[in-house]
Amino acid sequence: MASQHEARNGLAGLRILLGVSGGIAAYKACELVRRLRDAGAEVRVVLTANAARFVTPLTFQALSGQPVRSGLWDEAAEAAMGHLELAHWAQHIVIAPASADVIARLAHGFATDLLTTLCLASEAPLAIAPAMNLRMWAHAATQANVAVLRSRGAVFLGPAEGRMAEPESGPGRLLEPHDIVAGLTALYGPKRLAGKRVLVSAGPTYEDIDPVRFIGNRSSGRMGFAVAQAAAEQGANVQLVAGPVHLTTPPGVARVDVRSAREMREAVMARAEGSDIYIGAAAVGDFRPHEIAPHKLKKNGGALTLSLDENPDILAGVAALARRPFVVGFAAETQNIETYARAKLERKKLDLIAANRVGEGHGFDACENEILLISRDGIERFARADKLALARQLVARIAEKAQAKNEGRGTGSESRRKLVPVRARTRTR
Ligand code: CTP
């Protein structure tokens, strides 16, 4: 994924062709143009016929400071800059919002309008920010088209989850313009983890009771997957050990699927010494049944007592290795977050711990999160944000701290650096 994006310092000077397709989210593309230009990019806008029903070309012309194109057959525009010239001009194509229809046409190589023709005629990398009804996004046809485009190197930014124009909620919403810019910047920004091997564990673990039942937890795996994606965007070679989740593997990430805590431990330990950074974002089950019943347990008219054994602590195991990577844990707490997280940092001998609140709409099932990143020499608060946006900030800090420790500037146990006041370092989106 990263290879097709030349290394450069952010979006400054990048020639971006922004394709806007039809949908209620088209209005958000106006703000996107402004933010891309604020980031230093040169932007030219191409509208599909349906997009022009939602926002006029004149609006985009005023915002981009450039003529806006929508038809293939506009003679005056073709005379000024032919569509092939425009395809050649673009160093990156961004389609936001991308409708299900545009995604389908791109996947199948149609050139039925100016935007799809330009995409076919250009060699520029493609970023797609979808926006559509949640059932259209989930439809097998759309998902197959997305997979085809991904396999050709297209990067998908979003969709976000949450309420849409309809009274329904789920994935399908256009990512906020600042998150689209952050995603593009991550592709073109400095690669803080180039050449580094990052191991991430994510998701829940399931401990089988009998052939049909298990003990699990509500971790969705989203935070760990977002961390893996953010690390890959920073140029790392990422291995992701995933418990049972329903998530697609982020581009460029090598994934190993496991089920129980002991399987996860085995997969992590086999890779830990060869890694530079280990980020334990999994919600590892603390206990497992003493034995797994070979057949389905039957009711016998009374209470059932399960005998549970404690699972090995994977994170502490990695931190105890002779050749340990830089170790980052997560702490999911319902109360006393900072106190409990600090205790885990010490007890497990971690370099950093990312603490967050779970329960009552926070953490596990939620799409957004809020994190305290704690080391022995400081604490930093990351304000509530979409998990991928948060993961990007988190990974950038982890990369910095790991490098500082490597260079002996230390943020680990040996460090004596000044405490960073909590609020002074507060970051917002
Ligand atoms: N962890 C682990 N192996 C375990 C349990 C937890 O690697 N058997 C890791 C998690 O991946 C996470 C960190 O330890 O990075 C903290 O997990 P958490 O569930 O918050 O803490 P516990 O160690 O289970 O402690 P407690 O039950 O007291 O909250």
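## Reading strands and helices

Student: Where do I start with this one?

Tutor: Start with a pair of strands: strand E16 (residues 326-333) and E17 run parallel, joined by six bridges. Keep in mind that this is a predicted model.

Student: Which residue in E17 is the bridge partner of Ala 331?

Tutor: Ala 355 is that partner. Between the strands, look for helix H14 (residues 337-347): E16, H14 and E17 make a right-handed β-α-β unit.

Student: Is strand E17 buried or exposed?

Tutor: Five of the six residues of E17 (residues 352-357) are buried, so the strand is largely enclosed by the rest of the structure.

Student: How do I read a whole sheet?

Tutor: The general idea is that strands of a sheet pair through backbone hydrogen bonds, either parallel or antiparallel. Here, five strands form an open sheet with parallel pairing, in the order E2-E1-E3-E4-E5. Strands E2 (42-47) and E5 (155-156) stand at the edges with a single partner strand each, so one side of each has no neighbour in the sheet.

Student: How many bridges pair E3 with E4?

Tutor: Four, linking E3 (residues 92-98) and E4 (residues 126-130) in the parallel sense. For instance, Ile 95 has Ile 128 in E4 as its bridge partner.

Student: Which strands does helix H7 touch?

Tutor: Helix H7 (residues 114-121) packs on the sheet against E1 (15-20), E2, E3 and E4, and its direction makes about 145° with that of E3. Helix H10 (residues 177-188) also packs on the sheet, touching E3, E4 and E5, at about 155° to the direction of E3.

Technical notes. Residues numbered from 1 in each chain as written. Predicted model: local features only at pLDDT ≥ 70, side-chain atom pairs only at ≥ 80, totals over all residues. Heavy atoms only, no water. Pairing = 2+ DSSP bridges. Helix = DSSP H or I, 4+ residues; strand = E, 2+ residues; numbered from the N terminus. Contact = heavy atoms within 4.5 Å. Axes fitted to C-alpha atoms, helices over the stretch in contact; angles between N-to-C directions. Buried < 20%, exposed > 50% of the residue type's maximum accessible area, 1.4 Å probe, protein only. Right-handed = clockwise from strand over helix to strand, strands pointing away.
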